[in-house]
Amino acid sequence: MSRSVETLFRPFTFNGLTLPNRIVMAPMTRSQSPNGIPGPNVAEYYRRRAENECGLIITEGTTINTPVATGDANVPQFWGEESLKGWKHVVDTVHAAGGKIMPQIWHVGMTRVAGKATNHDLPSHGPSGLVKPGSKKSEPMTTKEIKDTIKAFGEAARDAREIGMDGVELHGAHGYLIDQFFWAGTNERTDEYGGDMVGRTRFAVEVIEEVRKQAGDDFPLILRFSQWKQQDYTAKLANTPEELGAFLKPLSDAGVDMFHCSQRRFWEPEFEGSDLNLAGWTKKLTGKPTTTVGSVSLSGEFIGSFMGEASEATGIDNLLVRMEADEFDMVAVGRALLVDPAWSRKVHEGNFSELMPFKPEALATLS
Ligand SMILES: Cc1cc2nc3c(=O)[nH]c(=O)nc-3n(C[C@H](O)[C@H](O)[C@H](O)COP(=O)(O)O)c2cc1C
């Protein structure tokens with residue numbers, strides 16, 4: 001028998017933004033915005049989730065204004081008149097459908113494959129030029145390049161506010177630029193942007209401060225982070241709760257409103273001796289709201305999906321138990337919302353038998 005789903009449908013307020021329920025659409029790259037400009041199809045894609053009770057949409061990663069923030073010309077950019085006009089249409093469409101929306105602001109760092117990318121003659125940017133430990137592809141970023149990049153993050157947040165977005169999420173997870181600064185495996189700097197765990201948060205701290213400066217203290221700011229990296233699924237930024245606390249403190253103090261704690265399976269405990277997951281520990285250690293994510297209502301996790309594995313639809317009792325205990329505040333749903341824009345509504349109505357399995361073919365259309 002299923003537990004009551006009402007716990008998921010309580011409103012939640014943070015930094016002045018009230019969300020109608022606890023369900024977030026996880027950011028998912030689509031690469032369907034030619035020349036970086038999101039067209040009407042992007043607005044329609046998000047509208048279908050907004051009108052079906054998804055409480056907050058975090059958009060696909062959208063890139064800041066530096067020549068090397070992405071290598072994919074079909075990833076939407078978050079700068080320039082045409083792109084911002086496209087995004088404004090997305091915001092207005094989602095709002096008209098009763099939804100809330102924030103862009104996920106992104107710089108891919110060293111995962112950009114320079115020779116194949118847009119601006120292919122320019123080397124990719126990373127703290128130490130490393131894609132992963134031992135794989136150096138370019139020179140470390142100069143201090144000027146770091147400062148210019150921080151400024152571009154702030155400009156994107158300012159523009160998000162100007163076009164009516166409900167906040168921003170910084171992509172600090174999965175081994176992209178911000179995470180490349182966090183991770184000792186890709187950050188070997190000995191200046192103020194490297195060194196120990198706290199030194200390695202410095203870049204993100206300055207990005208957060210710049211967002212605050214350009215978009216204001218009252219603009220909701222989420223930071224997504226992960227222990228795992230696409231370069232190494234077993235990597236960890238923090239091996240103990242104490243280390244996690246030391247990592248999170250400067251970020252929290254700098255002004256993060258909510259931490260989005262990316263796991264591939266939300267039910268996995270983060271450290272031995274406790275059932276708390278990464279979002280649970282992060283909430284406990286910082287006192288800030290958190291969002292969990294990872295295989296909600298699906299049997300298999302998302303990296304497997306990219307390798308062609310299908311996932312069955314499952315129940316969400318484990319999620320509801322943790323939500324009732326306020327282990328975390330929000331839950332992000334990725335692939336289940338990709339295959340079924342009506343996922344939130346079906347859950348609200350208790351129609352669990354109608355939840356859909358995930359078939360990898362869905363990655364070809366991303367509609
Ligand atoms: C097609 C696809 C694209 C993704 N793109 C992004 C992205 O742009 N930014 C990001 O932080 N995570 C991205 N992710 C990860 C998801 O946000 C989410 O963390 C992951 O899919 C796990 O959630 P799920 O098990 O509910 O799918 C992507 C996942 C998928 C399936």
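Author: **A close look at valine 331**

Leaving aside residues up to four places away in sequence, valine 331 touches Arg22, Ile23, Val24, Thr291, Thr292, Val293, Val296, Leu319 and Met323; a contact here means that two C-beta atoms, placed from the backbone, lie within 7 Å. Before going on, please keep in mind that this is a predicted model, in which local features need pLDDT of at least 70, side-chain atom pairs count only at pLDDT 80 or more, and totals for chains, interfaces and linings use all residues. Residues are numbered from 1 along each chain as its sequence is written.

Valine 331 sits in strand S12, residues 330-333. Strands (E, at least two residues) and helices (H or I, at least four) are DSSP runs, numbered from the N terminus. Val331 and Val333 point one way from S12, while Met330 and Ala332 point the other way. All four are buried, that is, 20 or more other C-beta atoms lie within 10 Å of a residue's own, with C-beta atoms placed from the backbone.

Now for the partners of the strand. S12 pairs with strand S3 (residues 23-25) in the parallel sense, over three bridges; pairing requires that DSSP finds at least two bridges between the strands. Within this pair, isoleucine 23 stands opposite valine 331. Strand S11 (residues 290-293) also pairs with S12 in the parallel sense over three bridges, and there threonine 292 is the bridge partner of valine 331.

What about the nonpolar core? The largest one has 93 residues, and those with the most contacts inside it are Val331 and Val333. Such a core is a set of buried Ala, Val, Leu, Ile, Met, Phe, Trp, Tyr and Cys residues joined through C-beta atoms within 7 Å. In soluble globular proteins, nonpolar side chains tend to be buried together.

Stepping back to the whole protein, there are twelve helices and twelve strands, and 49% of the 367 residues are buried. Among contacts between residues at least 6 apart in sequence, 74% join residues at least 24 apart.

Methods: A residue is buried if 20 or more other C-beta atoms lie within 10 Å of its own, exposed if 12 or fewer, and partly exposed in between; C-beta atoms are placed from the backbone.
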